[in-house]
Amino acid sequence: MLARHHSRMRLRFLGAARTVTGSQYLLETDRARVLIECGMFQGSPHDVLRNRVPLAYDPSTVDALLLTHAHLDHCGLIPHVSALGFGGPVYATRGTVELTRLVLLDSAKLQEEFAAKHQRFARKHPDRAEVEDRAAAAELAAETDEDAEEATRNAPPEALTYLREPLYTTADATAALARFTGIEYGAETEIAPGVTATYLDAGHILGSAIIRVRARDNTGDRTIVFSGDLGRPNTPIIRDPTPVREGDYLLVESTYGGRTHEPQEQAIKLLGEAVSASYGAKGVLLMPSFAIGRTQEIVYELDRLLAAGTVPHLPLYLDSPMATGATEIYRRYAGYFDDDARALLASGETPLDYPGATMVQDATASQALDESGVRPYMVVASNGMITGGRIVQHVKALIGDPAMMLLFVGYQGEGTLGAQLQQGTKQVRIDGEALDVACGVRSISGFSAHADESELLGWLRNFTVAPKMTFIVHGDPAAQTAFEPKVRALGFATTVPRWRETVELT
Ligand SMILES: [Zn+2]
């Protein structure tokens, strides 16, 4: 049999290298191959196309996969890699295992729907579809091959149709989910020959983890710390990020390098003011929100504001089946909560429930709500950037209504409808219809699931000895450029790896 592994310990950066999304790293020793994260590239069409680039490794040779948390940009390609031959276990905390089930089944459904839509379009407009496919294939070739032009010229036309296929199906997701194994925080577990992993709370969303990997082979022992997505200290419900004091190598996220979040108290105050204003105006408060993490946090803060008598009782509609599912999982994992949330539970309070909240189950009920004329009320709906989901119909129904306030409580990616509205556009197009913006628009920046720059640096200061090398990952180039000198100022050696770069761990 040919030697499967290289004789040196290596780490390959297969995603979240000079981008925020697509987290994926391959650790190779002379005895094992372990994938850490397997996330989807999201955002611009250019980024999304990277999901289609042929894998840089043979998935059937990977022994195990380690997942930090349930967000799609960390777990979204697991069914793809599994369908292509990965046959090992996927390790994550038990909370992450459950949340990931929601995320991957939803993602598979969206993949299938998108492919079906694309195929209908191609049947109706074969010429336009071919032009689009050629453009996409050229871009894909540019990502894959140095000599893009030649690759495109030589590509047989048949090869283009796969761009219309779903990246994976519900059956693929279900098969991949059967490989998941839940493990406990803090328990060092052997996950491949000579490789152990310890999961430490990252304080980002329920179940999120920093992973400390110890790898041993003929060249020696190394400890590699993968920060995953680091949360903020004092985020409600969940615990603070765990301090890590040592490691030979460190991969640290840099989403908010160079940026500072608004204080949480200010965010809560603004939220309270929006609730009171909408109540007083007999209006509608509409909050686009990510289903996992942000929705639970907002409901928690609304419940606290109400309990403290700071705001009047504005009826709440929670309009996201995925958020409702995620909240049920949060409830089952009260063992992961921080002391404040646990104390509330112990005193008989229900910190994840807003009194009298309505869970909107089907889409018809969701649309009927805005037409009912019964006011005031507030809606928390997915998705967070108004690029799809039930929130789009609410925006469409109410955007021309001055009594509606659109309140952004999360990050709006460049080029999204959310970002356009946040920047104050006067007209938008939804489903081909031009709509004037007459509603109010406000933003709160202080709710974030990610540490800002000073919080990232605070976490790094816990290291008693600087790692041999710190790889700055999971950030846009501007954030990384701002962040790197500040990490160096702490005495850390740093590098910002390129996509598909391989480094030797000496
Ligand atoms: Zn995340």
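**Notebook: salt bridges and a zinc site**

I began with E28 and R10, whose side chains meet in a salt bridge with 3.0 Å from N to O, and I note here that the model I am reading is predicted. E28 belongs to strand β2 (residues 24–28) and R10 to strand β1 (residues 10–15), so this pair ties together parts that are 18 residues apart in sequence. I looked up the accessibility of the two and found that both E28 and R10 are buried.

I then turned to K486 and E453, which form a salt bridge with the closest N and O atoms 2.9 Å apart. Because K486 sits in helix α16 (residues 477–489) and E453 in helix α15 (residues 453–460), the pair ties together parts 33 residues apart in sequence. K486 counts as partly exposed at 36% relative accessibility, whereas E453, at 10%, counts as buried. I also noted that salt bridges with shared partners join R10, E28 and R33 into one network, and that the structure holds 19 salt bridges.

Next I asked which residues donate to the zinc ion. I found H69 (NE2), H71 (ND1), H204 (NE2) and D229 (OD) as its protein donors, lying 2.2 to 2.3 Å from the ion. The angles among the four donor atoms run from 91 to 170°, and the site is irregular. H69, in the loop between β4 (64–66) and α2 (72–75), and H204, in the loop between β8 (195–201) and β9 (209–217), are 135 residues apart and link distant parts of the chain; both H69 and H204 are buried.

Definitions and conventions:
Residues numbered from 1 in each chain as written. Predicted model: local features only at pLDDT ≥ 70, side-chain atom pairs only at ≥ 80, totals over all residues. Heavy atoms only, no water. Donors = N, O, S within 2.8 Å, 3.2 Å for Na, K, Ca; no water. Tetrahedral: all angles 85-135°; square planar, octahedral: opposite > 155°, others 65-115°. Helix = DSSP H or I, 4+ residues; strand = E, 2+ residues; numbered from the N terminus. Buried < 20%, exposed > 50% of the residue type's maximum accessible area, 1.4 Å probe, protein only. Salt bridge = Lys/Arg side-chain N within 4 Å of Asp/Glu carboxyl O.
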